[in-house]
Amino acid sequence: MKNIFSHQLITLRRRKKLSQNDLARKLYVSRQSISKWENGENEPGIDKLITLSEILGVSLDFLILGKDNMNDLILKISGLTKAFAQPVLNGIDLNIYGKDRIALLGSNGAGKSTLVKVIYGELQPDTGRVASYINNKDDLNVMTQDDVLMEDLKVIEQVQLAALIDKVYSEEFIEQLIRKFRLEKQKNTFVGKLSGGQKRRLSLLLTLLRDSKLLILDEPTVGMDLESIDFFWRYLDHVGGCVITITHDFNQIDKYFSRVLLLKDGKIMQDVSVDKIHSHNQTIEQWYRQFNNEEEHVK
Ligand SMILES: Nc1ncnc2c1ncn2[C@@H]1O[C@H](COP(=O)(O)OP(=O)(O)OP(=O)(O)O)[C@@H](O)[C@H]1O
Ligand SMILES: [Mg+2]
């Protein structure tokens, strides 16, 4: 395990913006011990490995082997139905795996937000169930379609608060993220006074503070300017774990997803791999237009 573990430790420690000293303090070991682990001269015992994986926010597998078992089933959705005044979800069956990067597509009102709300537990289904094999409290990050922000806090305070809640608080880390998400000038602005796009960027920042096994993004790029949209997609490419993104922004999504779901008439009408779409020389947008319309003609 030596080489992979050493490499993982250095990478993950830097990603968390922790110095060897910071990490040593958190683990109650000397800085020299951390240095030896990183040089591959020595290895920590299992209790320290477990604490390390918690501090670094990754699974033990990932810390030691450099990969999670990505083929693991993380959600099993069976026979899901949900109606408001009208039926919205009419029997959804779906298996979602740790490696999936899913674009959830469908027209306005198709039920995409309803489906993810049932997945992350904001809504109860009428029938059927969602079996989750992850810990929703620690392993799930959600960015909802509407920004859920505290309007009376300053941007910096909102980020600090969320970082404390997510147990990733570090001044340096927070400053870096605010810079990355281009909110530096608005640091001391009240959240309620931000523009729509700035609020969206702040929501995204808060959602991505910690790593997760499942990341759900409901129309993340709406209202963002072009630079922010480009930044978002590039950033998303480096996010680990399963991602389910609802989007109508077809411009550059072909690079970022492995699987596409089309929700129509309350059902998953299509569930295909992006490789398959590309093997037919189609972009996701062309595929979507074809299938979303095709079903319309059939009706
Ligand atoms: N809380 C609610 N009460 C009543 N009806 C609702 C509620 N939430 C959603 N609906 C209805 O359910 C249907 C699906 O809504 P949903 O928000 O899931 O669609 P969507 O696919 O996310 O659409 P969009 O692309 O516009 O975000 C719509 O007809 C909507 O009016
Ligand atoms: Mg929606």
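In what sense do strand E3 and strand E8 pair, and over how many bridges? Please describe the sheet around them too.

Author: Strand E3 (residues 101–105) and strand E8 (residues 259–264) pair in the parallel sense, over 4 bridges. Strands here are DSSP runs of type E with at least two residues, helices are runs of H or I with at least four residues, and both are numbered from the N terminus. Two strands count as paired if DSSP finds at least two bridges between them. This is a predicted model, in which local features need pLDDT of at least 70 and side-chain atom pairs count only at pLDDT 80 or more, while totals for chains, interfaces and linings use all residues. Residues are numbered from 1 along each chain as its sequence is written, and chains are lettered from A and ligands numbered from 1 in the order in which they are written.

Within this pair, Leu104 stands opposite Leu261 in E8. Both strands belong to an open sheet of 6 strands with mixed pairing, in the order E5-E6-E7-E3-E8-E9. At its edges are strand E5 (140–143) and strand E9 (267–273), each of which pairs on one side only. On average, neighbouring strands of this sheet are turned by 15° against each other, direction ignored. Such angles run from 0 to 180 degrees between N-to-C directions, along lines fitted to C-alpha atoms, for helices over the stretch in contact.

Helix H6 packs on this sheet and touches E3, E5, strand E6 (214–218), strand E7 (242–246) and E8. Contact between two residues means C-beta atoms, placed from the backbone, within 7 Å. The direction of H6 makes about 150° with that of E6.

H6 (residues 112–120) also gives the most to the shell around ligand 1, with 3 residues. Among the residues surrounding ligand 1 are Gly111, Lys112, Ser113 and Thr114; a residue is near the ligand if its C-beta atom, placed from the backbone, lies within 6 Å of it. The shell divides into 3 nonpolar, 7 polar and 1 charged. Ala, Val, Leu, Ile, Met, Phe, Trp, Tyr, Cys and Pro count as nonpolar, Asp, Glu, Lys and Arg as charged, and the others, Gly among them, as polar.

A further open sheet has 3 strands in the order E2-E1-E4, with antiparallel pairing. Strand E2 (87–97) and strand E4 (127–132) have a single partner strand each, so one side of each is left without a neighbour in the sheet.
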